[in-house]
Amino acid sequence: MTLNKGYGIHPTIYENLSNTELISLYRESSWSTMDENSRQQLHQETVNRSAAAKGELGACEVRFADLDSSLLGQQSGNVIDVNRTVFAQDLYIHNYNGHIIEEKAVDSNMRALETVLHEDIHAWQDQCMNGTIQCMDEHLLSEYNSNNFTSSFVPDGTGGKQLGSHYLNGITQTTGYYMYYFQSTERCAFVF
């Protein structure tokens with residue numbers, strides 16, 4: 001079910017559990033016995049409660065997706081995609097110089113919890129930026145908006161200008177991927 005404004009309502013098989021009972025399902029002893037559907041329902045209920053606790057209007061739909069091995073999850077609009085291979089099959093798959101390497105994701109249970117909570121922070125940030133809910137910290141909201149996918153003209157390196165995004169992918173030859181974490185949206189999601 002969807003809401004007129006906001007995300008949606010996604011009932012789960014775990015909605016009657018206490019918070020303690022819900023989080024205990026991320027323990028290895030429970031996690032290892034769960035099939036893909038049960039894990040999806042666990043992710044969904046976790047996001048439902050996280051969204052409600054932060055005052056989001058509705059919650060994102062959580063679904064498994066075939067994502068690149070380096071991407072555990074992503075939030076876009078009213079959907080949070082989580083990596084099927086890592087969180088449903090408990091595998092990390094890497095391509096190293098043309099060789100496919102599979103390793104057991106022994107930490108997939110805790111990484112799953114961390115990933116859905118992280119991506120739900122981005123959902124909350126989006127609702128703050130688009131005015132669906134009110135952000136009580138105007139300075140923080142300003143930071144989020146300046147880090148959004150806003151475009152403006154920037155130097156192109158040849159004396160001209162080109163359209164560039166304010167969002168930092170953070171990948172440089174000097175710093176690698178680390179600049180990505182300095183963005184206000186990522187900083188707050190990782191702190192959470």
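Let me start with Glu186, which lies in helix 7, the stretch of residues 184-191, where a helix is a DSSP run of H or I with at least four residues, numbered from the N terminus. What we have here is a predicted model, in which local features need pLDDT of at least 70 and side-chain atom pairs count only at pLDDT 80 or more, while totals for chains, interfaces and linings use all residues. Residues are numbered from 1 along each chain as its sequence is written, and side-chain values use heavy atoms, with hydrogens and water left out.

Glu186 has a relative accessibility of 4% and counts as buried, a word that stands for under 20% relative accessible area, with exposed meaning over 50% and partly exposed in between, using a 1.4 Å probe and protein chains only.

Now to the aromatic rings. Rings of Phe, Tyr and Trp (its six-membered ring) pair if their centres lie within 6.5 Å, and planes under 30 degrees apart count as stacked, over 60 as edge-to-face and the rest as tilted. By this rule there are two aromatic pairs. In one of them, the ring centres of Tyr26 and Trp31 are 6.0 Å apart and the planes stand at 20°, so this pair is stacked. Both Tyr26 and Trp31 are buried.

For Trp124 and Tyr144, the centres are 6.2 Å apart and the planes are at 90°, so that pair is edge-to-face. Trp124 sits in helix 5 (residues 108-129) and Tyr144 in helix 6 (residues 138-146), so the pair ties together parts that are 20 residues apart in sequence. Trp124 is buried, at 18% relative accessible area, and Tyr144 is buried too, at 1%.

Methods: Helices (H or I, at least four residues) and strands (E, at least two) are DSSP runs, numbered from the N terminus.
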